[in-house]
Amino acid sequence: MSTVILRGGVEVEKPLEVALEFLAAYSGYEGSDSSAPASFDESDLRLANRGGARISAAEIAAILERRGQIERGLRKIHPDASLADATSSIPWIPLRRLFDAFADIRGIGFSKMTKALHRKRPALIPMLDSVVQAYLTGDSPGTGSAGTFGERATALVRSYKEDMDRNRSVLREVQRKLASRDYQLTEVRILDLLIWSLSGAT
């Protein structure tokens, strides 16, 4: 299998093995189901916490006050929308509006938001935790630093797509091989695991 080329010329050799190592340690989150694609409720936030989001009870309550706005945003984005699609086919404006539904909630940044939303649109929304944000902004510190909350988050997702596009064929190959082992992961999630491998988190 070919290597995955990350930023700075870093090569992830044996990406399938790296992904399998991660899944062996954290498979409980990957195998869990979220609520219906157009719904958003407390169970989605509890699931995000199983994935390390650490959303407090007060933050859960504050987010759920925006439930109607969040669900309207989700309805504007097809459940199968994928970051692997052509750039012109990606619903960037609805995505930005969905992200803006989380703006100005005390304690909620890109990490907690995207961990909550990833399972709703797993092929489209990466988990922008501190490791991934540092990776995306390492060579472009201005990425995601201007505009509204939603615009900044969307800028990071656009940046993430560059890595997706550069490694598309390898990510799809890894996805197929994982599926043969009963792991149903999107290319977005696979890339996330490989970026995390750089931090030694696996």
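**Note on the predicted model**

1. Overall make-up. Ten helices and two strands make up the secondary structure of the chain. The model is a predicted one. Along the sequence the order is β-β-α-α-α-α-α-α-α-α-α-α. The radius of gyration is 16 Å, close to the 17 Å that the globule rule gives for 202 residues, so the chain is as compact as a globular protein of that length. Along the principal axes, the C-alpha atoms fill a box of roughly 45 × 35 × 30 Å.

2. Burial and contact range. Of the 202 residues, 47% count as buried. Take the contacts with a separation of 6 or more: 69% of them are between residues 24 or more positions apart.

3. The core. The largest nonpolar core has 58 residues. Those with the most contacts inside it are Phe40, Ile63, Leu83, Phe102, Met113, Leu117 and Tyr160. In soluble globular proteins, nonpolar side chains tend to be buried together. Two of the residues listed here, Phe40 and Phe102, return in the next point.

4. Edge-to-face pair. There are two aromatic pairs in the structure. In one of them, the ring centres of Phe40 and Phe102 are 6.1 Å apart and the planes stand at 85 degrees, so the pair is edge-to-face. The cut-off for that label is over 60 degrees. Phe40 sits in the loop between α1 (15-30) and α2 (42-50), and Phe102 in the loop between α5 (92-100) and α6 (110-117), so the pair ties together parts that are 62 residues apart in sequence. Phe40 is buried, at 0% relative accessibility. Phe102 is also buried, with a relative accessible area of 0%.

5. Tilted pair. The rings of Phe110 and Phe149 have their centres 4.9 Å apart, with planes at 50 degrees, so this pair is tilted. Phe110 belongs to helix α6 and Phe149 to helix α8 (residues 149-166); the pair links distant parts of the chain, 39 residues apart. Phe110 counts as buried at 11% relative accessibility. Phe149 is buried too, at 12%.

6. Met113 beside the rings. Residues up to four places away in sequence are not counted here. Met113 touches Phe99, Phe102, Ile108, Phe149 and Ala153. That list takes in Phe102 from the edge-to-face pair and Phe149 from the tilted pair. Met113 is also among the core residues with the most contacts.

7. A buried lysine. Lys161 is found in helix α8. Is Lys161 buried or exposed? At 3% relative accessibility, Lys161 counts as buried, the cut-off being under 20%. A polar atom of its side chain lies 2.7 Å from the backbone oxygen of Asp85. Beyond the neighbours within four places in sequence, Lys161 contacts Leu83, Ala84, Asp85, Ala86, Thr87, Ile90, Trp92 and Arg168. Of these, Leu83 is one of the core residues with the most contacts.

8. A charge over a ring. Arg158 lies over the face of Trp92, at 4.1 Å from the ring centre. Trp92 is also one of the residues in contact with Lys161.

9. Helix α10. Ten of the eleven residues of α10 (residues 187-197) are buried, so this helix is largely enclosed by the rest of the structure. The buried residues are Glu187, Val188, Arg189, Ile190, Leu191, Asp192, Leu193, Leu194, Ile195 and Ser197. Glu187, Arg189 and Asp192 are worth a look in that list.

10. Strand β1. Ile5 is in strand β1 (residues 4-5). Ile5 counts as partly exposed, at 28% relative accessibility. Leaving aside neighbours within four places in sequence, Ile5 is in contact with Val10, Glu11, Arg166 and Asn167. The C-alpha atoms of Ile5 and Gly107 are separated by 34 Å; the two residues are 102 apart along the chain.

11. Most residues other than glycine have a negative phi. Which phi does Lys14 have? Lys14, not a glycine, has a positive phi of about 50 degrees. Lys14 lies in the loop between β2 (11-12) and α1. At 57% relative accessibility, Lys14 counts as exposed. Asp182, likewise not a glycine, has a positive phi of about 70 degrees. Asp182 is in the loop between α9 (168-179) and α10. Asp182 is exposed, with a relative accessible area of 69%.

Technical notes. Residues are numbered from 1 along each chain as its sequence is written. This is a predicted model: local features need pLDDT of at least 70, side-chain atom pairs count only at pLDDT 80 or more; totals for chains, interfaces and linings use all residues. Side-chain values use heavy atoms; hydrogens and water are left out. Rings of Phe, Tyr and Trp (its six-membered ring) pair if their centres lie within 6.5 Å; planes under 30 degrees apart count as stacked, over 60 as edge-to-face and the rest as tilted. Helices (H or I, at least four residues) and strands (E, at least two) are DSSP runs, numbered from the N terminus. Buried means under 20% relative accessible area, exposed over 50%, partly exposed in between (1.4 Å probe, protein chains only). A charge sits over a ring if NZ of Lys or CZ of Arg is within 6 Å of the ring centre and within 35 degrees of the ring normal. A polar contact is a pair of N or O atoms within 3.5 Å; within protein, one must be able to donate a hydrogen and the other to accept it, and residues adjacent in sequence count only if both atoms are side-chain atoms. Contact means heavy atoms within 4.5 Å. A nonpolar core is a set of buried Ala, Val, Leu, Ile, Met, Phe, Trp, Tyr and Cys residues joined through side-chain atoms within 4.5 Å. The radius of gyration is taken over C-alpha atoms; the globule rule is 2.2 Å times the number of residues to the power 0.38.
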